[in-house]
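Good morning, colleagues. Please look at the sequence and the model on the screen while I go through the helices and the loops that join them.

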Amino acid sequence: MGAADSEQKVRVRRKRMTGKERRQQLLEIGRELFAERGFDATSVEEIAARAGVSKPVVYEHFGGKEGIYAVVVDREMRTLLEMMGEALTADSARGKIEKAALALLRYVEENTVGFRVLTRDSHVASGTGSFASLINDIASQVEHIMVDEFAERGYDPALAPMYAQALVGMWALTGQWWLEVRRPKREVVAAHLVNLAWNGLASLEPKPRLQTRRRGGG
């Protein structure tokens with residue numbers, strides 16, 4: 001048997017991907033590259049090379065790397081929003097905060113590549129926006145909870161959006177930090193987040209004032 005015959009048999013045995021399978025392959029490769037290098041540093045050539053296809057195949061399925069990036073970011077944002085949404089259905093306010101902190105850290109732990117894509121950089125090609133817009137989406141869900149809590153405790157409900165941004169921002173930045181260090185354990189980090197958030201909220205002053213004075217003040 002000649003070398004040409006052997007090569008032909010290998011090609012016959014190799015299963016040809018369906019359009020759906022190829023699309024999923026390109027998404028996974030793009031997701032990994034965007035996490036490693038960011039949107040701008042990733043090229044269609046590199047995506048095609050890793051997939052073992054020509055550039056026209058990438059363009060055929062997604063129109064370019066922008067199309068892949070948009071789908072990847074949209075999927076990751078929907079995944080995290082769903083996890084946070086489920087967490088915020090807990091019965092008590094503290095339960096919501098605890099489950100939300102755990103949900104974010106679980107996403108970071110189980111979807112490390114996706115979280116890197118979301119936080120590494122943002123590009124207009126994402127369509128749905130950036131990590132900042134994701135934080136806004138989560139904060140809007142938390143805001144509704146805080147409005148009720150503020151009203152019950154005698155605080156101004158109009159300030160709930162600001163507090164929701166501060167709370168979710170704290171979770172998100174801690175998640176970015178924990179992505180790199182991975183210690184202490186997820187549950188311990190969540191417990192400390194809840195400790196700061198819940199005990200801080202429990203001792204809110206209705207009308208807080210800064211206690212520091214300008215230099216030279218009387």
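The buried residues of α9 are A160, A164, L167, V168, G169, M170, W171, A172, T174, G175, W178 and L179; buried here means under 20% relative accessible area, exposed means over 50%, and partly exposed lies in between, with a 1.4 Å probe and protein chains only. This is a predicted model, in which local features need pLDDT of at least 70 and side-chain atom pairs count only at pLDDT 80 or more, while totals for chains, interfaces and linings use all residues. Residues are numbered from 1 along each chain as its sequence is written, and side-chain values use heavy atoms, with hydrogens and water left out.

What covers the buried residues of α9? The cover includes α5 (65-87), α6 (93-110), α7 (112-120), α8 (131-153) and α10 (186-202), where contact means heavy atoms within 4.5 Å. Helix α9 itself spans residues 160-181, which is 22 residues. From its first C-alpha to its last, α9 reaches 32 Å, close to the 32 Å expected at 1.5 Å a residue; the expected span is 1.5 Å times one less than the number of residues. Helices are DSSP runs of H or I with at least four residues, strands are runs of E with at least two, and both are numbered from the N terminus.

Let me turn to the end of this helix. α9 is followed by R182, which lies in the loop between α9 and α10. R182 has a positive phi of about 55° although it is not a glycine, and R182 is partly exposed, with a relative accessible area of 33%. The loop between α9 and α10 also holds P184, and the peptide bond from R183 to P184 is cis, with omega near 0°.

Next, the pair α6 and α7. At what angle do α6 and α7 pack? The angle is about 105°, and the axes are 5 Å apart. Axes are lines fitted to C-alpha atoms, for helices over the stretch in contact, and angles run from 0 to 180 degrees between N-to-C directions. α6 and α7 are therefore roughly perpendicular to each other, a term that applies from 65 to 115 degrees, whereas under 35 is roughly parallel, over 145 roughly antiparallel, and the rest oblique. On the α6 side, L104, Y107, V108, E109 and E110 meet T112, G114, F115 and L118 of α7.

N111 lies in the loop between these two helices, α6 and α7. Is N111 buried or exposed? N111 is buried, with a relative accessible area of 18%. Leaving aside residues up to four places away in sequence, N111 touches R31, E76 and R106.

A93 also belongs to α6 and is buried, at a relative accessible area of 16%. Not counting residues up to four places away in sequence, A93 touches E149 and W198.

I close with the whole protein. Its secondary structure comes to ten helices and zero strands. Of the 218 residues, 40% are buried. Among contacts between residues at least 6 apart in sequence, 67% join residues at least 24 apart.
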